[in-house]
Amino acid sequence: MTELLKRLCSAKGVSGREDSVCGLIRGEIAPFADSVTIDHNNNVIAKVGDVDAHNIMLDAHLDEIGFVVTYIDEGGFLKVAQSGGMDMRVMPDTRFKVLTDSGELTAVVCCLPPHLSDGGEDKAPDIDSIYLDTGLPAERVKELVSLGDTVAYDVMPTMLLNDRFTCCSTDNRACCALLVRVAQMIKEKPVKTGVTFAFTSQEETFGKGAAAAAFSTAPDEAIAVDVSFAAQGGVADYESGKLGKGAMICISPVLSRKMSYGLIELSKKLDIPYQLEVVGGRTGTNADHISIARGGIPTALVSVPQRNMHTGAEIVSLDDIENTARLIYEYIRTL
């Protein structure tokens, strides 16, 4: 799992430009699937078993947050817009990769020294004050960089103590790895229903990938798998789950109550650790889009706890990934 996570999190796949991670995931899931395709939305769709008889779709988005280049000024500095909800508090001096047609350029977010500031350097910068510096003169930057090029975090995946893993894109590559693990479990011990694994695009910007995948594959039911907030300093217990304490099963009006409580009862029966996440409306995940596809699809949401969401240092627990994979596999076995 550690090596799989490192491979997936090392790939750059900002929302709308997921090509490289699509190819990587296709290679990872192929040994455990009957068929694998990549559609024109950059969704990787893998199928196992007879999906015409009964089909459960498992969804994990494969895109990550980043920037898109909007302007190159006279000094060669890059202006950008957000592709997804970047945490602007951690932007100053952060390192990125500009993904151009000719390759990758390293860039650093400019950081105004406190000696030259107005005393407001402790405030989160707004997007209009963000400039990226490649170190190159303006003429060379304009030769290499085009407006619309995407910008991804330049962060190395790292194992921490206590089976914790950190990188910039564990949202949601941790859950992509989780679904590969579920596919491996099914390969080792087959189930009686058809399963569609949907690694979907553009969740961070619109959710188009999941909506299109749910429509085209027409599942009888679906489980969306994403990350959610884990406890850390300054976060109330009722607003978060805990690392290492298992999957966060969501209860929400937009989700299938039957499926959600079925997952809870199964967790109790098999002694699989779980936590509850209660939401009063939309979940902010692909589950919202899947549940209203076609005539409506019964959908559940299961999340992996994560600290430092939408930063370059997102943290997940390998134990949570494994236990969540086991829960989903065991649920599929009941169908």
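## Cores, a helix pair and salt bridges

Glu3 has a relative accessibility of 48%, so it counts as partly exposed, sitting between the 20% and 50% cut-offs. Keep in mind that this is a predicted model.

**Nonpolar cores**
- The largest nonpolar core takes in 80 residues.
- Inside that core, the residues with the most contacts are Leu58, Phe197, Phe199 and Ile223.
- Helix α4, spanning residues 170–188, is the top contributor to this core, supplying 11 residues.
- There's also another core, lying apart from this one, with 15 residues that include Ile45, Ala224, Leu255 and Leu301.
- Setting aside neighbours within four places in sequence, Leu58 touches Leu179, Val182, Val195, Thr196, Phe197, Ala198, Ile223, Ile328 and Ile332.

**Helices α1 and α2**
- Helix α1 (residues 2–10) packs on helix α2 (residues 19–29) at an angle of about 155°, and their axes are 9 Å apart.
- Angles over 145 degrees count as roughly antiparallel, so that is how α1 runs relative to α2.
- On the α1 side, the contact uses Leu4, Arg7 and Leu8.
- On the α2 side, Val21, Leu24, Ile25 and Glu28 do the touching.
- Sorted by type, the residues of this contact are five nonpolar, two charged and no polar.

**Salt bridges**
- Side chains of opposite charge can pair up when their charged atoms come close.
- The model has 11 salt bridges by the rule used here.
- One of them joins the side chains of Lys6 and Glu3, at 4.0 Å from N to O.
- Both Lys6 and Glu3 belong to helix α1, three residues apart, or about one turn of the helix.
- Lys6 comes out at 29% relative accessibility, so it counts as partly exposed.
- Arg89 pairs with Asp87, and their closest N and O atoms are 2.6 Å apart.
- Arg89 counts as exposed because its relative accessibility is 63%, whereas Asp87, at 12%, counts as buried.
- Arg140 bridges to Glu143, with the closest N and O atoms at 2.7 Å.
- Arg140 and Glu143 both sit in helix α3 (residues 138–144), three residues apart, which again is about one turn of the helix.
- Arg140, with 37% relative accessibility, counts as partly exposed, while Glu143, with 56%, counts as exposed.

Technical notes. Residues numbered from 1 in each chain as written. Predicted model: local features only at pLDDT ≥ 70, side-chain atom pairs only at ≥ 80, totals over all residues. Heavy atoms only, no water. Core = buried A, V, L, I, M, F, W, Y, C linked by side-chain atoms within 4.5 Å. Buried < 20%, exposed > 50% of the residue type's maximum accessible area, 1.4 Å probe, protein only. Helix = DSSP H or I, 4+ residues; strand = E, 2+ residues; numbered from the N terminus. Contact = heavy atoms within 4.5 Å. Axes fitted to C-alpha atoms, helices over the stretch in contact; angles between N-to-C directions. Parallel < 35°, antiparallel > 145°, perpendicular 65-115°, else oblique. Nonpolar A, V, L, I, M, F, W, Y, C, P; charged D, E, K, R; others polar.
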